[in-house]
Amino acid sequence: MCRQDVLKEGFVLEVPDAEEKSWQKAGLKLNEEISSDSDTESPTFGGKRKKDNEAEEEIEETAQEKKLRLAKLYLEQLRQQEEEKAEEVALEKDLVAGRLKEDVLEQKGKLQRLIAKDLQPPDTAAIRVLRGHQLPITCLVISPDDKCIFSAAKDCSIIKWDVESGKKLHVIPGGKKGTEAQHIGHTAHILAMAISSDGKYLATGDRNKLIMIWDAVTCKHLYKFTGHRDAVTGLSFQKGTHQLYSASHDRSVKVWNVAENAYVETLFGHQDAITGLDSLSRECCVTSGGRDGTVRVWKIPEESQLVFYGHQGSIDCIQLINEEHMVSGADDGSVALWGLSKKKPLTTVRQAHGNHGTQGLEQPYWISSVATLLNSDVVATGSHSASVRLWKCGEGFRRLEPLFDIPLIGFVNSLKFSNAGDFLVVGIGQEHRLGRWWRIREAKNSICVVPLQRTAAGCAQPADGS
């Protein structure tokens with residue numbers, strides 16, 4: 001006979017009757033040993049089993065609980081996505097609102113980026129000189145993306161330059177007088193140049209009364225505009241359009257539609273040869289009237305004009321700062337700032353580049369070119385005083401304060417700031433663009449690219465007031 005004893009952990013132990021007494025005596029010890037073997041484990045093995053049990057408890061969830069957990073997770077992801085989308089929309093709205101505000105201020109002529117205080121005099125060693133024209137540079141423009149420069153000269157040629165490398169991308173050679181019928185290009189001094197705001201069209205005007213339209217990308221000749229009865233001295237595209245304004249020594253301003261190869265109208269008013277012209281987004285342009293001593297604003301739709309008086313000598317150059325303010329220079333050495341709401345200059349700097357000549361016979365250096373950094377407080381002026389001078393426009397454009405000079409020898413016949421404001425391009429010649437009154441032999445007929453450096457804190461933030 002045997003007796004079955006059930007032990008812990010479900011084990012069954014069969015014990016014979018004969019050995020029962022001996023087992024009973026040793027029972028306590030046996031039970032203790034079996035209990036010790038089954039219950040007491042190593043710390044490592046016990047910890048692992050405990051973790052496994054906890055993991056099993058965590059994993060053990062009903063289908064309903066799993067659905068609820070996944071639904072909560074999905075809702076949390078949706079909430080995060082919506083928050084991110086809302087942040088993006090808010091940022092986009094802020095950017096659009098800021099841009100619209102800038103556009104409104106620009107149209108009103110009240111957008112002024114305060115850049116002058118951050119500008120530093122450039123290192124003369126960093127000025128790059130581009131040589132290619134045989135005769136004095138007369139005019140130049142910069143492409144809207146600041147990657148190319150177009151220059152023209154008294155040698156009747158046009159050169160397209162790459163700003164980064166300084167290499168010639170294309171050359172349109174000038175022709176000899178009398179070859180107009182065969183030569184594709186200019187055969188007389190080129191005096192004016194303009195590029196459309198989309199970088200599509202390039203316009204050039206010469207002493208031969210001609211305006212030529214070119215494809216700015218390929219430099220292919222497109223059209224020829226005739227109509228002026230004397231030298232074409234000023235060209236400008238209305239910003240955002242293909243409407244072209246031209247000014248001439250014949251004292252007229254003409255309006256053209258370049259995209260349709262069409263003449264629009266002619267405006268009269270100046271009493272002497274027009275020497276300069278500029279325009280921005282509005283359907284109007286400004287001109288300098290040479291020896292008639294006036295600056296005029298032409299309102300094209302109304303067919304009216306505003307007349308401004310201020311300089312003592314011939315007004316040779318003019319440039320818009322914004323839609324409401326402009327700067328002009330004259331051969332009496334003065335530089336004037338104007339507001340469209342006043343017929344007199346807001347401020348005038350006499351002898352802006354000093355005097356030259358023997359004692360008692362001093363004459364002021366003529367102001368041969370002006371340039372403005374659009375919608376900012378920075379102005380540049382050029383003469384033959386061996387330097388280009390940069391100026392700061394004071395509050396309300398009621399002061400003009402000199403910043404620093406850039407040493408460059410020769411007649412500064414053209415000045416242009418890059419659209420981003422990080423460099424200034426200077427067209428240098430041995431002679432004045434409109435004549436041969438002086439000749440500076442040591443000057444080099446060249447284009448100078450002047451890098452404009454700013455202080456580390458200079459960020460050119462727009463200001464709401466002018």
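Trainee: Hi! Does Ile 321 count as buried or exposed?
Mentor: Ile 321 counts as buried because its relative accessibility is 1%. Buried means under 20% relative accessible area, exposed means over 50%, and partly exposed lies in between (1.4 Å probe, protein chains only).

Trainee: What should I know about the model before we go on?
Mentor: This is a predicted model, where local features need pLDDT of at least 70 and side-chain atom pairs count only at pLDDT 80 or more, while totals for chains, interfaces and linings use all residues. Residues are numbered from 1 along each chain as its sequence is written, and side-chain values use heavy atoms, with hydrogens and water left out.

Trainee: Thanks! Where is Ile 321 placed?
Mentor: Ile 321 sits in the loop between strand 22 (315-320) and strand 23 (325-330). Strands here are DSSP runs of E with at least two residues, helices are runs of H or I with at least four residues, and both are numbered from the N terminus.

Trainee: How many residues lie between Ile 321 and Gly 339 in sequence, and how far apart are they in space?
Mentor: The two are 18 residues apart in sequence, and their C-alpha atoms are 9.9 Å apart in space.

Trainee: What holds strands of a sheet together in general?
Mentor: Strands of a sheet pair through backbone hydrogen bonds, in either a parallel or an antiparallel way.

Trainee: Which residues does UniProt list under "repeat: WD"?
Mentor: The unreviewed UniProt entry lists residues 130-171, 183-215, 225-266, 267-308 and 308-348. These positions use the numbering we have here, feature names are shortened, and annotations may be inferred rather than shown by experiment. Over residues 183-215, the chain is 0% helix and 52% strand, with its end C-alpha atoms 17 Å apart.

Trainee: New topic: how many salt bridges does the structure hold?
Mentor: There are 12 salt bridges. The term means a side-chain nitrogen of Lys or Arg within 4 Å of a carboxyl oxygen of Asp or Glu. One of them joins Arg 291 to Asp 331, with the closest N and O atoms 2.7 Å apart. That pair links distant parts of the chain, 40 residues apart: Arg 291 is in the loop between strand 19 and strand 20, and Asp 331 is in the loop between strand 23 and strand 24 (335-339).

Trainee: Are those two partners buried or exposed?
Mentor: Arg 291 is exposed, at a relative accessible area of 58%, whereas Asp 331 is buried, at 11%.

Trainee: Which residues are linked with Glu 431 in a network of salt bridges?
Mentor: Glu 431 is linked with Lys 154, Arg 436 and Arg 439 in that network. The closest N and O atoms are 3.0 Å apart for Arg 436 and Glu 431, and the N to O distance is 2.9 Å for Glu 431 and Arg 439. Glu 431 counts as buried because its relative accessibility is 5%, while Arg 436 is exposed at 64% and Arg 439 is partly exposed at 41%.

Trainee: Last one: which residue in the turn between strand 30 and strand 31 has a positive phi?
Mentor: Gly 396 does, at about 70 degrees, in a hairpin with 6 residues between the two strands. Strand 30 (residues 387-393) and strand 31 (residues 400-407) run antiparallel and are joined by 7 bridges.

Note on methods. Pairing = 2+ DSSP bridges.
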